[in-house]
Amino acid sequence: MSTFLGIPRKHAAQEESPLRGTLPFPKAARKELANGQLRRNLAHATSVIRTKRAQVVDEMPDWEALRDAGAATKTQVMSNLPALLEQFEANVIARGGVVHWATDAQEANRIVTDLVRAQGVDEVIKVKSMATQEIGLNEYLEDNGIAAVETDLAELIVQLGHDKPSHILVPAIHRNRTEVRDIFLAEMADAPADLTDEPRRLAMAAREHLRRKFLRSKVAISGTNFGIAETGTIGVVESEGNGRMCVTLPDTLITVMGIEKILPTFTDLEVFLQLLPRSSTGERMNPYTSLWTGVTPGDGPQNFHLILLDNGRTNALADQVGRAALHCIRCSACLNVCPVYERTGGHAYGSVYPGPIGAVLTPQLTGMHGHGDVNSTLPYASSLCGACYDVCPVKIPIPDLLVELRGRAVDADRGRTIPGGWDAAMKAASWIMSNPTRFAAVEKGLAAGRLVAGKDQKIKHLPFPGSAWTHSKDMPAPPKQTFRQWWKQTHPDTDQPGGPA
Amino acid sequence: MSSRDAVLNRIRAALAADTAPPPPIPRDYIRVGDNPPGSPPVLELMVDRLIDYKAVVREVTPDQLADAIDDALTGSRSVVIAQDLDPDLAAAAARSNRTVTIDGNPAVLTPAELDSIDAVITTAKVGIALSGTITLDGGPGQGRRAITLVPDFHLIVLHADQIVQTVPEAIARLDPLRPLTMIAGPSATSDIELERVEGVHGPRTLYVLIVG
């Protein structure tokens with residue numbers, strides 16, 4: 001049976017997508033782990049933000065009550081989604097907005113492109129948005145001759161660096177100041193020649209670079225943090241003012257919103273406007289929150305288009321367990337506390353949604369298509385330490401979901417005719433453990449393992465197939481004697497453990 | 001089938017297996033603070049939070065307001081205001097030979113014109129002490145959203161009784177159909193090594209006069 005172990009399985013070809021990388025997580029992680037600079041940048045950034053979050057959460061005596069309200073609201077939203085979406089749509093239209101629906105990324109991208117073309121422009125400004133990252137909007141627009149300019153500082157760094165975002169909230173978290181300066185000098189045509197790596201100088205260079213674009217742009221594209229069904233109100237939460245620039249100065253605003261971003265009532269903002277900033281940036285409130293309802297005559301964009309996006313969300317919704325992943329409000333608190341994220345960084349996950357929530361949400365959105373699908377490896381990208389659940393403002397049980405998805409990934413493989421190493425090992429263990437004589441014989445043999453262990457009583461290298469384990473982890477040396485041997489020695493009057501005293 | 005129907009049908013199918021209604025939303029978080037709007041503890045908290053966000057804050061009596069406005073605008077040569085700003089505030093802004101431009105009278109300013117103006121003075125709708133947040137709703141004295149965004153210096157005149165303790169108290173005072181802007185300190189970024197830098201695209205200075 002062991003002769004089958006090394007045979008590679010057929011890898012299913014998967015469509016390229018911002019939700020799917022090219023390497024399985026363990027391979028991608030190993031590559032990223034070799035980058036010491038990345039790990040130092042991440043360790044610094046995540047520890048800063050962890051500390052800030054803990055401080056502003058600790059000062060809230062009703063934090064747990066807010067989490068409970070947030071979680072219950074999201075549960076209600078999911079169960080009442082069709083009615084809430086219809087109510088939301090009707091209110092946006094009643095206030096002068098135009099509503100479009102998109103079943104997938106392709107359809108959403110096409111709608112945006114047509115709307116931009118109708119305005120006769122070939123450049124648009126963008127507010128940082130996970131929904132537009134998820135559908136690959138910038139690339140699609142570029143293929144259609146439209147330049148999409150990211151205006152969030154971190155997104156600008158990523159865009160100018162021909163890079164991919166690696167964090168939901170701080171997309172350039174993997175870059176340090178020196179790297180940012182080098183990117184600006186190389187890629188930003190109007191960067192001052194004497195630019196230093198001081199964050200203030202870098203931010204001011206971005207301000208100058210984007211100012212003219214803000215003041216002359218005719219079309220802006222945003223995502224949204226909340227859509228209020230009761231009123232048709234949309235909310236964007238940000239810090240730099242680039243969001244305010246985009247949602248108020250141009251004539252036309254196009255907003256892409258995942259269908260799960262609905263909140264039932266305006267009053268619900270009292271919960272989420274407390275949970276979100278403290279969980280995400282570790283601030284009591286982010287500097288700017290913009291809320292608008294349709295079109296306000298004489299103030300802000302006079303053409304407002306809203307695109308309601310499915311793109312896998314209904315798949316996730318249909319899944320009783322995975323539905324909880326749709327509760328996510330994209331605060332990224334779970335990334336900042338995750339020991340796996342802190343070491344591998346966001347790129348290893350291959351999805352625009354990295355970290356613990358990404359490991360749940362990504363396979364839910366795309367589906368897991370068997371062993372050959374890299375997204376089937378994401379549920380294993382966790383130590384299951386539970387820190388992600390502790391910080392989640394809407395109490396998504398991320399570790400439970402990861403365990404459930406792991407079970408499914410294993411189940412999906414059961415139909416294979418060629419057994420994998422895991423199946424073979426389990427079958428062998430089952431044969432040995434089902435018979436006391438066999439088990440005792442194997443136990444005795446284990447003591448030989450002490451011979452290969454080092455002075456620290458750790459086995460570091462085993463021959464194949466044991467190497468599959470020792471390649472990534474040490475193994476403790478077996479004890480000098482088995483439990484049965486110890487029992488015999490200390491209880492000479494009895495035959496076997498558990499027998500009559 | 002339209003995409004709208006396709007998405008809604010998928011959602012309905014996804015929910016078809018649901019039998020039990022979801023539990024009600026527990027609302028036992030703090031909705032109303034211990035202290036009434038404008039009371040000394042609320043004002044103290046507001047000032048503390050605003051300063052923590054690098055806003056400049058001064059508490060003044062109604063008599064001191066005009067001088068305080070003139071003082072705050074030292075260094076600004078031009079100011080933009082909404083048409084319906086209180087004439088006393090407008091007159092204070094015009095002191096020291098400052099140019100005061102009224103947005104919409106005679107014409108609505110273009111973004112480029114706004115960019116050439118140093119400062120803006122507005123009132124506000126509500127202040128939240130717990131989170132150091134001030135909300136504008138385009139009401140009297142506040143004007144369009146653009147005028148508080150493009151100039152580099154934003155002076156807000158807030159009355160003590162407009163400042164509430166908690167976020168829920170503030171949300172209850174807002175009209176969702178108005179364009180709302182919530183402001184907590186000046187524009188800021190933490191995108192480079194999580195080091196906070198005040199002043200990116202929005203006003204680099206937020207100056208708050210609390211009148212009580």
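## Strand pairing in chain A

Lys126(A) pairs with Ile221(A), its bridge partner in strand 4 of chain A. That contact belongs to a parallel pairing in which two bridges join strand 2 of chain A to strand 4, residues 219-222. Keep in mind that this is a predicted model, not an experimental one.

Strand 2 of chain A, residues 123-126, also has strand 3 of chain A, residues 147-150, as a partner. Here four bridges do the joining, and the two strands again run parallel.

## Cysteines without a bond

How many disulfides does a search of the whole structure find? The answer is zero, over all chains. Take Cys328(A): the nearest cysteine sulfur belongs to Cys334(A) and sits 6.6 Å away, and Cys328(A) is in no disulfide. Cys328(A) also counts as buried, because its relative accessibility is 8%, below the 20% cut-off.

## Domains of chain A

Chain A is split by the domain assignment into three pieces: domain 1 covers 38-311, domain 2 covers 315-412 and domain 3 covers 434-491. Going by C-alpha atoms, the centres of domain 2 and domain 3 of chain A lie 34 Å apart.

## Where chain A meets chain B

Now for the interface. Chain A puts 94 residues into the contact, and chain B puts in 72 residues. Between them, the two chains bury about 7200 Å², with 59% of that on carbon and sulfur atoms. On the chain A side, Arg207(A), Glu270(A) and Arg284(A) lose the most area to chain B. Together, these three residues make up 10% of what that side buries.

For the complex, the predictor reports an ipTM of 0.97 and a pTM of 0.89. Chain B has a mean pLDDT of 97, and 100% of its residues come in at 70 or more.

Conventions
Residues are numbered from 1 along each chain as its sequence is written. Chains are lettered from A and ligands numbered from 1 in the order in which they are written. This is a predicted model: local features need pLDDT of at least 70, side-chain atom pairs count only at pLDDT 80 or more; totals for chains, interfaces and linings use all residues. Side-chain values use heavy atoms; hydrogens and water are left out. A disulfide is a pair of cysteine sulfur atoms within 2.5 Å. Buried means under 20% relative accessible area, exposed over 50%, partly exposed in between (1.4 Å probe, protein chains only). Domain bounds come from an automatic or database domain assignment. pLDDT is the predictor's confidence in each residue, from 0 to 100. Two strands pair if DSSP finds at least two bridges between them. Contact means heavy atoms within 4.5 Å. Buried area is the accessible area (1.4 Å probe) that two parts lose on being put together, summed over both.
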